[in-house]
Each structure stands twice: as C-alpha cells, then as structure tokens.
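Please consult the sequence and the coordinates shown below while reading.

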Amino acid sequence: MKRLFNRLLPKSWRSTVVTIPVIRLHGTIMAGGQFRQNLSLASTAGLIEKAFSFDAPAVAISINSPGGSPVQSRLIFRRIRDLAAEKNKKVLVFVEDVAASGGYMIAVAGDEIFADPSSIVGSIGVVSASFGFPELMKKIGVERRVHTAGQNKAVLDPFKPEKKEDVERLKALQLEVHETFIDLVKERRGTKLKDDPDLFTGLFWTGKKGLELGLVDALGDMRTVLKTRFGAKTQLRLITAPRGFLGRFGLFGSSKGFSAPDIAAAAASGVIDAAEERALWARFGL
C-alpha cells in the first residue's frame, strides 16, 4: 500500500528510501525449553511473519547456525517459502560464520544465498551421536533395570552393549532423513549445483568453494548487497521479538511460576543442551 501511494505522488514528492526487513536466525536448531531459546518454528514464526508483513520488495535473512533438528529446520524453511509465495516477495539469505546441516537447509529457503569467502556452508548429511556406558556400570557395581512393553522400546540404551540390528535400524532411518534433505536442496538449487560426488556426503566448504559448487549464489555482506540492489538510501530494519530476555523466557509476569524442582530440572537439562550445542559449533572450528 505504501509503495502504491508513493507511485501516485508527484515524482518530486516521492520517497526514494527503501526499507528492507532483516531476520537474524542465529543458533542451534532444536525445540527450546523454558530456560533456553534455540531456533525452532515456535521461536521464529512470529519474527518471520512480521518481516513478511512489511511493505518491502524483499526480506533479508541472516543465518549463523551449525544445524540441529532436521524437523525444525524444515519447518522453518517451509514457513519462509510459504510466506514468500503468499506475499510475493524475494528472500535474500546472508550466511555469517556458518550455515551447515540444518542451517543450510534453512538457507536454501532463499531465492539467492550470499556468503563471506570464509563462511562455512554445506554439511548436507545426518548425524546421530551418543555415549555408551556398559563397562562403567560394571565398574561401579550398578545394575541396569529396564522393563518395557514392546521389544524395541529400549533400543540403543547407552547403558547396554550396542546391538547390530539396532544400529542398522538407526542407519536406515538416517538414510530416509538424508534423502529428504538432498531432495530439498536439489529442488531449490536445481541446475546451479555442480556435479560433484562429495556434495551430499556431509562434507562442508568455505563460502568461496561453496560458490564454485553452486551452494551459494555470490560472495558479499548484507549491507553492501542490499544498498547496491535497492539504492544507497536503503535502510535495514532488524525484526526483533516484542519482549526482552526475561519476558521471553517467562521469568517475570508468569501466571504459573516455577517451583524449585522445575528450575533444578531445567538447569540440568540446560547443561546437557549446552554441551550438545558446543559440540555442534566445534565441528566447524567455532
């Protein structure tokens, strides 16, 4: 409406300033808890919808993520593409340090992907990691007792020796998820992708090499690209959550509140989540 009104004004009165909404999708991708905020559809949907409500020719997305949940990654990807089609807007994605695995899955929601020459992109694969403690249990004299209804309810129990059939079942599941990821990248990148045997093996590359492989469209930073494309007066408008840190996590103003056990459980869960998050970033030297 604003652009239409602008065109109706005399040429000398028309505003030449273009405002581009910017979304920052930074962090690991997983469903968030009460005390920890990660990238998920729940945590990003409001920001995404607000950005697409702007009267602007495009939406810019800054991505800095080592990946995480394939489901949440695809849900975020889908919401971006659905709104892009509904609002008829271009999506320009800018990679900062890393857009790998699920982070790259979100990146391909862009009509164009830009990266720094030293950004990390790719890692189109699926990984499952855990620990095994059967020998430790014997050493400290603890007996593991698990009772199930259903013979496969306790597969890959970390306190029991690994079974070949359980690993095979897990790998079959991973292959299905991997194929979904590959199909999505091929659908979005199409003929831009180079015919390279390593492209879908889980390897990752710099932004410079990613350009050669067709994983990104160009090298550049957000401010420079947007001002070159839409004019020197282009303004970038960062879309943020309506509430601050404490409000977003419900620490104040909550009608329910938290008990001491709730807080203790959340703190323990947060330690585990933090370790998993650190491991994801560490894969890319970050």
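Helices (H or I, at least four residues) and strands (E, at least two) are DSSP runs, numbered from the N terminus. The model is a predicted one, in which local features need pLDDT of at least 70 and side-chain atom pairs count only at pLDDT 80 or more, while totals for chains, interfaces and linings use all residues. Residues are numbered from 1 along each chain as its sequence is written, and side-chain values use heavy atoms, with hydrogens and water left out.

Leu-219 belongs to strand β7. Its relative accessibility of 34% makes Leu-219 partly exposed, where buried means under 20% relative accessible area, exposed over 50%, and partly exposed in between (1.4 Å probe, protein chains only). Between Leu-219 and Ser-118 there are 9.6 Å from C-alpha to C-alpha, with a sequence separation of 101 residues.

Strand β3 covers residues 90-100 and includes Ala-100. Ala-100 is buried, at 0% relative accessibility. Its C-alpha atom is 5.7 Å from that of Gly-67, a residue 33 positions apart along the chain. Val-98 is also found in strand β3, and Val-98 is buried with a relative accessibility of 0%. The C-alpha distance from Val-98 to Gly-67 is 9.1 Å, and the two are 31 residues apart in sequence.

**Salt bridges**

Side chains of opposite charge can pair when their charged atoms come close. The criterion applied here for a salt bridge is a side-chain nitrogen of Lys or Arg within 4 Å of a carboxyl oxygen of Asp or Glu. Over the whole structure, the search finds ten salt bridges. The table presents three of them.

| Salt bridge | N to O distance |
|---|---|
| Arg-79 and Glu-49 | 3.2 Å |
| Asp-111 and Arg-188 | 3.8 Å |
| Lys-192 and Asp-217 | 2.9 Å |

In the salt bridge between Arg-79 and Glu-49, the closest N and O atoms are 3.2 Å apart. This pair links distant parts of the chain, with Arg-79 in helix α3 (residues 70-87) and Glu-49 in helix α2 (residues 41-52), 30 residues apart. Arg-79 has a relative accessible area of 25% and is partly exposed; Glu-49, at 42% relative accessibility, is partly exposed.

The salt bridge of Asp-111 with Arg-188 has an N to O distance of 3.8 Å. Asp-111 sits in the loop between α4 (102-107) and β4 (112-115) and Arg-188 in helix α6 (residues 164-189), so the pair ties together parts that are 77 residues apart in sequence. Asp-111 is partly exposed at 22% relative accessibility, and Arg-188 is partly exposed at 24%.

Lys-192 and Asp-217 form a salt bridge whose closest N and O atoms are 2.9 Å apart. Distant parts of the chain are linked by this pair: Lys-192 is in the loop between α6 and β6 (204-206), and Asp-217 is in the loop between α7 (207-213) and β7 (218-219), 25 residues apart. Lys-192 counts as partly exposed, with 35% relative accessibility, and Asp-217 counts as partly exposed, with 24%. Salt bridges with shared partners join Arg-81, Asp-111 and Arg-188 into one network.

**Polar contact**

Asn-38 lies in the loop between β1 (19-26) and α2. At 6% relative accessibility, this residue is buried. The side chains of Asn-38 and Thr-28 make a polar contact at 3.2 Å. A polar contact is a pair of N or O atoms within 3.5 Å; within protein, one must be able to donate a hydrogen and the other to accept it, and residues adjacent in sequence count only if both atoms are side-chain atoms.

**Positive phi values**

Most residues other than glycine have a negative phi, and most peptide bonds are trans. Asn-88, which is not a glycine, has a positive phi near 55 degrees. Asn-88 is placed in the loop between α3 and β3 and is exposed, with 72% relative accessibility. Ser-101 likewise is not a glycine and has a positive phi of about 55 degrees. Ser-101 is located in the loop between β3 and α4, and its relative accessible area of 14% makes Ser-101 buried.
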